Structures are given as structure tokens and as C-alpha cells.
Amino acid sequence: MGQDIAHATELYRAGRHDDALALVEQALHENANDCAALNLAGVILYGMGRLDEAEGRLSRLVTLDPLFFQARINLAVIQQAKGARMEAVAQFRMVAALMPERLEVQDRLGNLLHGLGDYAGASRHLRRSARLAPDDPDRRVLLSVSLMSNGEHAEACAILTGVLAQRPAHTDARNHLSACLLSLGHPDLAEQTLCDGGPMPGADADAIARARLYRRIADEAGRPQLPDGLLVRAPFSVLSGYGDFAQHFVRSLMERGQTLRLAGLKGEESWRPSFADPILQAASRRLAEPLRSRLALSVLTPPLVEPIPGVPTVNYTMFEGPRIPDSWAVCSREHDRVIVPTDSSRLAWIAAGHPEDRIHVCPPGIAPNPADAGAMPPSIMGPRGRPVMDYRVRALNISDFVARKNLDGLLRVWLRATRADDDAILILKVGKGGASLAGEVRRLVEQGMRATGRRVEEAAPIALLTDRYDEQGIASLYAMATHYLSLSHGEGWDLPITRAGCLGAGLIAPRHSAYTAYLNDDVAHLIPCTTGPALMPYSNAYYPPFHGLDWWHPDEDAAADILARVIRDPVGERRDAARHLMDSFTWDAAASRLLDALDGVGR
């Protein structure tokens, strides 16, 4: 029998997979418990793309022989390929515990945990990998990346400095070290790392630009002849919630006579205001004007903030869950002040140990989007051949395709709450386009049908929109909506629902996080919630940005009941949030609160 397996192995290595598999299957027919044959069968089937069969053979093998470590490694590789990453982690962990010197396992487990957002776990295994292969600089660079992701910049700097001492030409180490130094507030050392009389080959040009910019700002902060003002750094050139907030704050601060200097994510890159406005157009021409900055206000997630020597650091940021990640807490503790839009975010920082006296609340403004003024509904046919605008209830949701948005829960609620003859349609605009997006959304719909036991044809229609839309196209979608429906697991603010609310759409949202700051039972339908692990849809794996954390779980029974009532009687269930939102949250008031929150920081 051993000779047959040896021959099958030779055939497999020669690329004759069918012949090899036939020989292995014959061996298993004669002895179903032949461990060597089961392992080889799993390997061959994996190579042929028959992953389910490969997993079945290897699962049987590790049951028969729990200490067959190579079979566990092979099984983990297959499970990872199938997307069952937590199952793969379990197999790798068993081998790593019993064979800690197995370098391949430490590498695979560390990289897998990093991808799952478990940066502390990843660092433990990558650190062991680096010890097992002390002459391999690439392993130490991978360890440093994991440490940086976990907010441990000082240790990462020490490791990368050691790599460069041995391998001065290691480009990745040099670029990561410069990023680390910028995060620690050492732009002079970051520039020195990347330049030696001129930029080093492969040096990160954006990092060089930022390092030089920060050095100029630090120098200008000590020049009393320059005008006093504020530096604002934000993703001005990126269409995002943070970028939108930053532009509105810039406009409102300038209206109040504040002198500003602006910097983007990459430095002094040009930026395009997200809406036509003469004040913002003027701001866009003032990126590089010298200023004596009394503080640097970032509008970013904490890991993206880069302190400037001698200039106090303030960050306007937010989080979508009950507690911020440890890496965010480490970064935030280095900032002079943190400003968040809601009490929900403030509590998330305090839950992670952030000092209460160094975190302030400043809600942003809520105002109509200029693109919505003349927007007309597009002529879109629903999936059943009826124009979307013909439906009485048109519920909109605009979300990125991420687990936090709970699109799986939204689909389950829609399938459960609606019937095929309801005069209603769900307009679900997902993501920002991409070749694979439509297929991924369809798979989520299929999972929803299996979970609810209801077919799409039995529910009110769903118009799935996955193409990329420009700003005017997005405005036209808002013009279609009679309602906006969210079942999100948590929001820092949620611009889409406030935009829909300004246009008069009825709002249905969970009673949690930012929603409780600007919605109440008089102006919206609020869904009760509980808290629980932040897991991926239909999975036991954490959503990577929330690894080890909780988020809110909307009550789907209550949500289905609310939705059914709204569809049956949209007039009787009408609740209007527009006046409440726009009267209670003006950008002038937001700018005033921001200046109050900045009071006492810097000169």
C-alpha cells in the first residue's frame, strides 16, 4: 500500500493529478482509514479546486489522527481558501501550540490573524517567527507592520531601525520607519530616514512631502511676525464623511473670521470642494500660506493623525461602537484633546480608559446638500417591470458594502416584513462599484433567503444598485425616496440618513449610537437594540475593524413590525424630521461649539 501512495505522490508532482487521485481513491477503497492516502487525497483535490471534497478528506484524517500536524496545516490552508478563516485559525493554533518551532505555521497564523484584525495576536506569532528566522529582515518588517497597526509605534521603530542597520537598502523597512516616525511626531527623523542628500530609491514621496511640511509648520509656529491661526488637516481630496465634515467646518470657521491653513492626507495636495461655494473656493487657494499655528486640528481616525513638534494636537473623530479599539486608545492618549460629534462616541473613548477631561462633544451641522436642490428622480425600472417612482413607499438605503452597515439584517427584515403585492420597493445602493460587487450582493440576498425561508419573489421588490454614481446621480436617488431605512450596527454620525431627513423622507433607524443624538420618537421610527459581538454576516469571525469588540444589534422583529406598519399606512405613520434636524444642528452653532472645545489648547 505504501508503494501505491509513493507512486501517487510521484504522479501528483508530475502534474498528473487525475491519475494520482485515481490511485489514491483505490487505496482508500481498500482501506478507508489510510491516513497517508487521506492526506494526499486532500492535497490533490485542493490542487484541482475541489475544496469541499478536500476539506472532507482532511477533516476525517485529523479525527482519526489528531497529531497528524501536516494534515492540520493542509486543512487550515483549504479552510482559509474557502473563507472559513476562524476554522483555519483553530487548526493553525493547535499546531502552533504543539510545534512552536514550526516556522511556516507561525508565519501563516500571524498573517491570518492580522487580516482578521487581531493585531495583538498577530504580533505574538510574527514575533516568534522573527525569532526563529533572525537573519530574515522581511519577517521583522512584517512584525513591525502588525505592531504599528496595534499602535505600538515605539517597538516598531526599534525593529525597523535594526533592519536598516543590517540592510540599508531595504525599501519597505525605510518607508515603514518613516511612517512610524511621523506617527510619533518626528518629521525631522522621518525625512532623514527617506533622504540622504536626496530621496532614497523607492522612498515614499508623500511621506517626504508631509515631513517637510510639518517641519515648516513647526518652524513657522515659533515666528511671532506671522499671523496666528489654526492648521486643519483632513482628507479634503477624498469623498468621505470626514472630508465632508472638514469642509463644512472650514467654511463655518472662515465665516467667523478664523485664519486657517489647510493640509490634506498627503500634504499640501490640491483639493476639490465637495460643493460649489465661494468661501470654500477661497480656502482651496490658501493651502500653503504661512501661519503661526496655535494648534493642529485633524479630522481623521486616530491612527492617521501625525503630530507636529511644538504644535498641540487635537483630533475631531468618531467611532461606531460602544468602545474604541485598543490601538485607537493608544493613539488618542497622545493627543492633547479629542473632540467627537456625540455622547455615544465620548462614552466609547471613556470605556477604553481615555481621560474624561480630554474629550469634548461637538455635533456637526446638518444642512441640505446643494446637489439636492434641483435633483430629479431618475427613470429606473424596478425588477418586476414597474417604474420605481410608481410605488407608494420607496425606502432608500445608501451604504458601503461593509458588515457594520448590517445589510444582511436589512434584507432579512425586508423579506420578512413585506409581501409581493405591497405597494413598496427597497432601493438599495451599495458600495462604489467594482467588478465583483454585484455578485457579492447577490450572495448576501441568497443568504437572506435561506435565513428567512422566504424567496425574493414573495416579498416587495428590491432594486439593487451597485454601479458607481457621481454626486448628481446620488442626489437623484435621494429625490426618489419617501423613506430612509437603516439597520446599521453603529454610526459615528451617518450622513446619508441626515441628508434624506433634510429632504423630508421618513426615517427608520436603530435606537443607538449617533442616531440618538439627532433623532427621537417624535420625528422618526426608532428600533430597539441590544449589544453583542461584532461578527461578520453569517459567520463567527469578527468584523476586522471591531476585532474583540461589541456593536449594537437592532431587534429585527421590531424592525419588521415598524416597516410593515409604514407600508400599510404611510400617511398615518408619517414622521417628519426635516425641521428638527436643520433647526437643531446648524453649522454656525457647530463652529461655535468647536471653538469652545478648542479653548485652552495652545497659545
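The exercises below work through a predicted model of one protein chain, each with a solution in steps. Residues are numbered from 1 along each chain as its sequence is written, and side-chain values use heavy atoms, with hydrogens and water left out. In this predicted model, local features need pLDDT of at least 70 and side-chain atom pairs count only at pLDDT 80 or more, while totals for chains, interfaces and linings use all residues.

**Exercise 1. The whole chain**

Describe the secondary structure, the dimensions and the burial of the protein chain.

Solution. Begin with the elements: the protein chain has 25 helices and 14 strands, where helices (H or I, at least four residues) and strands (E, at least two) are DSSP runs numbered from the N terminus. Next, turn to the dimensions: the C-alpha atoms fill a box of roughly 85 × 70 × 40 Å along the principal axes. Then consider burial: 53% of the 603 residues count as buried, with buried meaning under 20% relative accessible area, exposed over 50%, and partly exposed in between (1.4 Å probe, protein chains only). Finally, look at contacts, meaning heavy atoms within 4.5 Å: of those with a separation of 6 or more, 65% come from residues 24 or more positions apart.

**Exercise 2. Aromatic rings around Phe 249**

Classify the ring pairs that Phe 249 forms with Tyr 316 and with Trp 587, and state which elements they tie together.

Solution. The structure holds 12 aromatic pairs; rings of Phe, Tyr and Trp (its six-membered ring) pair if their centres lie within 6.5 Å, and planes under 30 degrees apart count as stacked, over 60 as edge-to-face and the rest as tilted. For Phe 249 and Tyr 316, the centres are 5.1 Å apart and the planes stand at 65°, so the pair is edge-to-face. Because Phe 249 lies in helix H14 (residues 241-255) and Tyr 316 in strand E4 (residues 313-316), this pair ties together parts that are 67 residues apart in sequence. Phe 249 is buried, with a relative accessible area of 4%, and Tyr 316 is buried at 1%. For Phe 249 and Trp 587, the values are 5.0 Å centre to centre and 90° between the planes, and this pair is edge-to-face. Since Trp 587 lies in helix H25 (residues 587-598) and Phe 249 in helix H14, the pair ties together parts 338 residues apart in sequence. Both Phe 249 and Trp 587 are buried. Elsewhere, ring pairs link Phe 319, Trp 328, Trp 349, Tyr 543, Phe 546 and Trp 551 into a cluster.

**Exercise 3. Helix H20**

Which residues of H20 are buried, and which elements do they pack against?

Solution. Helix H20 (residues 471-480) is mostly covered, with seven of its 10 residues buried. These buried residues are Gly 473, Ile 474, Ala 475, Ser 476, Leu 477, Tyr 478 and Met 480. They pack against strand E7 (393-399), strand E8 (424-430), strand E9 (462-465) and helix H21 (495-502).

**Exercise 4. Positive phi values**

Find the place and the burial of Asn 406 and of Asp 494.

Solution. As background, most residues other than glycine have a negative phi. Phi of Asn 406 is near 55°, a positive value in a residue other than glycine. Asn 406 is placed in the loop between E7 and helix H18 (407-417), and at 2% relative accessibility Asn 406 counts as buried. Asp 494, although not a glycine, has a positive phi of about 80°. Asp 494 lies in the loop between strand E10 (483-485) and H21, and is buried with a relative accessible area of 7%.

**Exercise 5. Contacts of a strand residue and a loop residue**

List the contacts of Thr 313 and of Glu 573.

Solution. Thr 313 lies in strand E4 and is buried, with a relative accessible area of 6%. Not counting residues up to four places away in sequence, Thr 313 touches Ala 296, Val 305, Pro 307, Ile 308, His 335, Asp 336 and Arg 337. Glu 573 is found in the loop between helix H23 (556-568) and helix H24 (578-584). Leaving aside neighbours within four places in sequence, Glu 573 is in contact with His 525, Arg 565 and Val 566.
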